Amino acid sequence: MHELKMNAELIDKLNGKTARIGIVGLGYVGLPLMLRYCEVGYKVIGFDIDQTKVDALKAGNSYIEHISASSINDAIKRGFEPTTDFSRAREVDALILCVPTPLNKYREPDLSFVLNTTESLLPYLHPEMVLSLESTTYPGTTEEELKPRIEKCGLTVGRDIFLVFSPEREDPGNPNFTTRSIPKVCGGCTPRCLEAGIALYRQVIDRVVPVSSTQAAELTKLLENIHRSVNIGLVNEMKMVADRMGIDIHEVIRAAATKPFGFVPYYPGPGIGGHCIPIDPFYLTWKAREYGMHTRFIELAGEINSSMPDYVVSKLSLALNQRNKSINGSSVLVLGIAYKKNVDDVRESPSVLLMERLRDLGAKMAYSDPHVPSFPKMRAHWFDLSSVAITADSLKQFDCVLLATDHDKFDYELIGAQAPLLVDCRGKFLKPAENIVRA
Ligand SMILES: NC(=O)c1ccc[n+]([C@@H]2O[C@H](COP(=O)([O-])OP(=O)(O)OC[C@H]3O[C@@H](n4cnc5c(N)ncnc54)[C@H](O)[C@@H]3O)[C@@H](O)[C@H]2O)c1
């Protein structure tokens with residue numbers, strides 16, 4: 001009886017938007033979610049361990065290109081408080097965890113961010129609270145890692161505190177969808193947890209999709225990303241075969257995409273990047289081993305996709321060779337170092353791998369990216385470079401221009417006309433020309 005009342009009070013607060021929301025991890029996922037909660041009238045406390053980010057947000061600045069400073073300022077006016085003080089988790093009715101879930105150097109899941117953040121929050125958890133994990137992870141994480149830690153503090157999940165997994169589906173840079181309009185999957189540890197989870201998201205997301213368990217929700221996110229990885233792997237393989245046969249893969253994809261059913265177009269590229277597609281599938285690979293299972297599709301797609309930078313380098317090398325040049329000593333301009341078009345995110349970007357491979361082979365490297373003015377701080381990569389402005393004169397100075405990421409802001413007509421040699425990894429230049437090579 002007591003537990004029913006508790007759940008009902010929490011749900012009333014969530015429905016009435018008087019609940020205070022805590023968002024942990026103010027990154028590409030946490031920030032848009034915070035904006036949405038503030039927009040509909042909730043008060044939000046944002047937690048992050050990065051003091052610089054918290055200071056920037058407090059001052060009303062955004063550090064992500066597609067999130068405007070004015071939206072952060074509006075949120076602050078509506079009561080958004082960014083902080084590094086985790087003891088303020090006491091004040092909130094809901095905690096949503098959006099911290100990174102990378103791979104370690106053995107390409108195994110690195111849950112340290114999720115576990116560290118959970119440990120920091122444990123002293124401040126209280127009854128009548130809902131906790132949602134959004135970070136992409138393997139099936140079982142919420143139940144096996146979060147639930148026992150929470151219960152060790154004397155709170156029973158499903159009775160005192162409500163625990164759900166609800167994966168993020170953010171697609172940065174895509175103007176067709178917003179946090180509100182992307183349906184949100186949610187699975188709870190118990191039916192009462194699910195009820196609290198639905199109440200948590202119902203006011204901010206147009207459609208909440210309940211599933212029967214946290215494991216089902218965790219696997220749903222992995223299936224979505226594995227589906228992408230495998231299909232990109234397939235189309236990358238098709239690209240190499242088509243190229244050998246002298247067929248333009250982009251023409252073929254465009255033609256196949258006219259089929260009104262049963263075909264979804266995917267596009268080849270220089271490899272896969274970003275926080276999700278190169279990483280998430282291997283969370284399942286790791287967990288599947290516990291069950292004696294091998295995830296062969298995931299491994300094969302990973303193998304093909306990660307061989308793409310080498311394929312591009314070999315195409316570039318052949319093209320220079322035909323012009324009596326070698327990579328060693330040539331100057332190469334890479335266009336686009338973000339991992340996908342129209343964003344400023346360089347995490348796991350294949351462009352950066354290409355730059356490193358070419359530099360190691362002796363090329364003099366430069367890059368141009370309208371979204372990344374100077375080469376950012378990355379854990380494992382470094383170039384002391386700033387973005388080169390593209391003009392007819394600057395293009396002519398390079399032995400080779402390599403189109404790695406096809407931002408809309410590039411002037412393709414100018415590039416196609418002025419680059420002495422243009423290696424196109426994105427199928428932007430479909431008309432055959434002397435100076436253009438596809439890779
Ligand atoms: N970026 C995307 O498009 C996207 C899409 C879907 C899912 N995801 C998933 O969402 C999760 C978050 O990704 P992201 O892109 O927002 O990452 P991010 O790196 O942009 O943001 C994570 C934030 O968490 C903070 N942080 C790190 N450790 C912390 C801790 N212990 N306590 C509090 N804050 C901490 C970091 O300082 C950073 O600001 C990942 O699991 C990712 O796979 C990301």
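An oxygen atom of the ligand lies 3.5 Å from a polar backbone atom of Val-99; polar contacts are pairs of N or O atoms within 3.5 Å. The model is predicted: local features need pLDDT of at least 70, side-chain atom pairs count only at pLDDT 80 or more, and totals for chains, interfaces and linings use all residues. Residues are numbered from 1 along each chain as its sequence is written, and side-chain values use heavy atoms, without hydrogens and water.

In the side chain of Thr-101, an N or O atom is 2.6 Å from an oxygen atom of the ligand. The protein buries 93% of the 820 Å² that the ligand exposes when taken alone (Shrake-Rupley method, 1.4 Å probe).

The ligand is surrounded by 26 residues (a heavy atom within 4 Å). Val-29, Asp-48, Lys-53, Thr-101 and Thr-117 are the closest. This shell comprises 12 nonpolar, seven polar and seven charged residues.

The second largest pocket has a volume of about 560 Å³. A pocket is an open set of points on a 1 Å grid over the protein atoms alone, where a 1.4 Å probe fits, with protein on both sides within 12 Å along at least five of seven lines; lining residues have an atom within 4 Å of a point. The volume is the space filled by probe spheres set on the points. Of its 23 lining residues, Pro-32, Leu-35, Ile-67, Thr-178 and Thr-179 are the closest to the pocket centre. Helices H2 (30–40) and H4 (69–77) each supply at least two lining residues (DSSP runs of H or I, at least four residues). H2 gives the most, five. The lining divides into nine nonpolar, seven polar and seven charged residues.

Conventions. Nonpolar A, V, L, I, M, F, W, Y, C, P; charged D, E, K, R; others polar. Polar contact = N/O pair within 3.5 Å; in protein donor to acceptor, adjacent residues only side chain to side chain.
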